[in-house]
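Let's take a walk through this model, piece by piece. Have the sequence and the 3D view open as you read.

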Number of protein chains: 2
Amino acid sequence: MTRLDRGRPGSRVLASLPSLAPLPTAAERAAAVIRENIFEGKFQPGTALPEAALSQALRVSRNTVREAFRALMSEHLLTYETHKGVAVRGLTVADVHDIYRLRQMFETSAIDLLDSGGAKLEPAALLEPVAAGEATGAAGDWVGAGTANLRFHSTLVGAHGSARMDAFFRRLMTEMRLGFLALADPRTFHAPYLAQNRMIADRIIDGRYGEARIHLTAYLEEAKAQVASAVATQFTVNNDR
Amino acid sequence: MTRLDRGRPGSRVLASLPSLAPLPTAAERAAAVIRENIFEGKFQPGTALPEAALSQALRVSRNTVREAFRALMSEHLLTYETHKGVAVRGLTVADVHDIYRLRQMFETSAIDLLDSGGAKLEPAALLEPVAAGEATGAAGDWVGAGTANLRFHSTLVGAHGSARMDAFFRRLMTEMRLGFLALADPRTFHAPYLAQNRMIADRIIDGRYGEARIHLTAYLEEAKAQVASAVATQFTVNNDR
DNA sequence: AGGCTGTCGATTGTTGAACAACACGGACGG
DNA sequence: CCGTCCGTGTTGTTCAACAATCGACAGCCT
C-alpha cells in the first residue's frame, strides 16, 4: 500500500485510451503545405515545381521534398516525368467526365444500398456537412463550402462501409478541387448545390430514395457540365509534357 | 515539292503516336524486384523489410529504397509506421470481404453496361487472358495462371472505359495476390476458375449477359469464401503493429 | 518474485553535399 | 530547313553523418 496507490487509473481505462497519433514527419508537413497551396490556387495547374526551389522555400532537404512529391503524386495532384520533374496537375475534360462517371456509380449505388436496407446511415452524420457548407458559404468562404460539399458526398459513399472505397472516393474528391480551380466564380457554382445537398439529404433521411436518386443524378449531370466547360475554356494544360 | 514528300506521315497519325515510355529509374526497378519477391512468396506477410538490408542486397542507396517503399505502399503491398519501418502486408478477413465486395460491384456493373449497349468489348481481348491462363495452368505455373486470371477480370472492368477505374481495379488485383499467398494449394484453387472464366467469357461474347452475371456472382462468392478461410487459418498478421 | 526504470543497440528520419545523366534551348554551319 | 554541337539548369542517385525513436535487456526497489 504505497503512497501512489490512491490516484492510479485502472487497467480498464488505460486500455481504452486511443493510441497516440504519430507526429507528422517533415515530408508529410511539406506535402500538406504544397497541397494547401494547390487548393488555394497559388500553384496554378501546369506550373513546374523544381525540387531545389521547394527545398529552399520550405527549409527542408531536397530528399524530403521528393518524398512529399511521391505522396502528392499518388493523390494525382502532381504529374511527373523522369528528368523533367513534377508539375501541378490540371484536369482535362476527359478527366472531368471520368471522375463524374465514377461519382455517379458510387453515389447512386450507395443510395440503392440504403434503399435495399443493406446499410444504414446516421441522419446526423449526413446533415452535419450540409449545415457546415451552408454556414461557411454564408460566411463567404467558398473554399470551405467546397470542402463541406465534398465531405457530404463522402459521407454518402461511406454507407457502403468499404474502407477502400472511402479512400478511393476521397482521392476523387481531392482531384475535384483541381477542377474547382478552373471555375471563374466559385460562389455562383457552389451556392445552388448547397440547397440541393440539403434536399438530397432530407429525401434520404425520409426514406424517399427514388427521389433522392433522381435529384442526385441531375445534380451530378449539371455539375459535370459546368466543371467541364470551365476546364475547357481554361488555359490548356499538358499533363505529360 | 521535295523528295521527302512521298513517305511523309500525316500530322493526324503523328499526333496519335504514343509518347515514348521513359526508361525505368533505379527506384522503379527496386520496387519491381521487391514486388516480385512478395508475389513469389519469398517475403512472407508480416516480415519486416529494413532499409539498410534492402539497400545492401539490391546495391542501391537507402534513399532509393525509400522511394521504392513509397511506391509499394501506395499499392497497399507494404504497411508502414513511423520509426518502425515497412513490413509486407497481410490480408485480414475484413480485407478479403472488402475487396470482393468491390470486385462484385465493378464487374457486374461492367456486364450491365455491356448489356445496355453502353460499351463494347473485343471478343479477342476477352479470350486472350482466358487462353493464356489455361496454357500457363497446364504448364504447372500457377502464379502465372493467377496473373492471367486477374488480367481477365481487369479486361472485363476495362469495358467501363474509365482510366481511374482501371487503375483502381488493377490495384485491387495486386492486393488479391497477397490473399493467394495464403492458399495452401494454388492448383486446386485456380484450376476450377480457369474453366469458369471461359464460361463467363463465352456468355458475354454470345450476348447472354444474364447468365454471365449469375455465373460471375457465384464465382466471386465462392472464391471469396475460399480466400477468406485461407487467410483466417493463416498465421495472424498484425498490419499496424 | 514482480513491477518499474534507466540504458544500450538498432533502425528510421533528415540533412547536406557531391557527381552523373539527361532535357532544353540557342548558336552555328551546311 | 535540317542537323550538330555545346552550355545551362534540373533531376537521379549516392554517401556519410547526426538526431529521434523503438525494442529489449539488465538492474533496482519493494
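## Ground rules

A residue counts as buried if 20 or more other C-beta atoms lie within 10 Å of its own, exposed if 12 or fewer, and partly exposed in between, with C-beta atoms placed from the backbone. This is a predicted model, where local features need pLDDT of at least 70 and side-chain atom pairs count only at pLDDT 80 or more, while totals for chains, interfaces and linings use all residues. Residues are numbered from 1 along each chain as its sequence is written, and chains are lettered from A and ligands numbered from 1 in the order in which they are written.

Start with A201(A), which is buried, with 22 other C-beta atoms within 10 Å.

What is A201(A) in contact with, leaving aside its neighbours within four places in sequence? The list is L126(A), L127(A) and V130(A), where contact means that two C-beta atoms, placed from the backbone, lie within 7 Å. P123(A) sits 78 residues away along the chain, yet its C-alpha atom is 8.1 Å from that of A201(A).

## The nonpolar core

The largest nonpolar core has 76 residues. Such a core is a set of buried Ala, Val, Leu, Ile, Met, Phe, Trp, Tyr and Cys residues joined through C-beta atoms within 7 Å. Touching the most other members are V96(A), V157(A) and V231(A), along with V96(B), V157(B) and V231(B). In soluble globular proteins, nonpolar side chains tend to be buried together.

Take V231(B) as an example: not counting residues up to four places away in sequence, V231(B) touches L91(B), T92(B), V93(B), V96(B), G179(B) and A182(B).

Chain A has an open sheet of three strands in the order β1-β3-β2, with antiparallel pairing; two strands pair if DSSP finds at least two bridges between them. The edges belong to β1 (48-49) and β2 (78-81) of chain A, each with a single partner strand, so one side of each has no neighbour in the sheet. β2(A) and β3 (residues 85-88) of chain A run antiparallel and are joined by four bridges, and Y80(A) has V86(A) as its bridge partner in β3(A).

In chain B, β2 (residues 78-81) and β3 (residues 85-88) also pair in the antiparallel sense over four bridges. T79(B) has A87(B) as its bridge partner in β3(B). The two strands make a hairpin with three residues between them, and H83(B) in the turn has a positive phi of about 65 degrees.

## Positive phi in chain A

Most residues other than glycine have a negative phi, and most peptide bonds are trans. H83(A) has a positive phi near 65 degrees and lies in the loop between β2 and β3 of chain A. Is H83(A) buried or exposed? With 7 C-beta neighbours inside 10 Å, H83(A) counts as exposed.

R59(A) also has a positive phi, near 60 degrees. You'll find R59(A) in the loop between α3 and α4 of chain A, and R59(A) is exposed, with 9 other C-beta atoms within 10 Å.

## How the two chains meet

Chain B can be laid on chain A by a turn of 180 degrees and a shift of 0.0 Å along the axis, with an RMSD of 0.1 Å. That is the relation of a two-fold axis. The superposition is by least squares on the C-alpha atoms of residues with pLDDT of at least 70 in both copies.

The contact takes 18 residues from chain B and 19 from chain A. On the chain B side, α4, α5 (93-115) and α8 (163-180) each give two or more residues, and α5(B) gives the most, with five. As for interface residues of chain B, 94% are also interface residues in chain A, so the copies meet through the same surface.

## The DNA strands

Around DNA strand C there are 16 residues, of which T25(A), A26(A), S61(A), T64(A) and G85(B) come nearest; a residue is near a strand if its C-beta atom, placed from the backbone, lies within 6 Å of it. Two or more residues each come from α2 (26-39) and α4 (62-74) of chain A and from α3 (51-58) of chain B.

DNA strand D is surrounded by 16 residues, the closest being G85(A), T25(B), A26(B), S61(B) and T64(B). Here α3 (51-58) of chain A and α2 (26-39) and α4 (62-74) of chain B each supply at least two residues.
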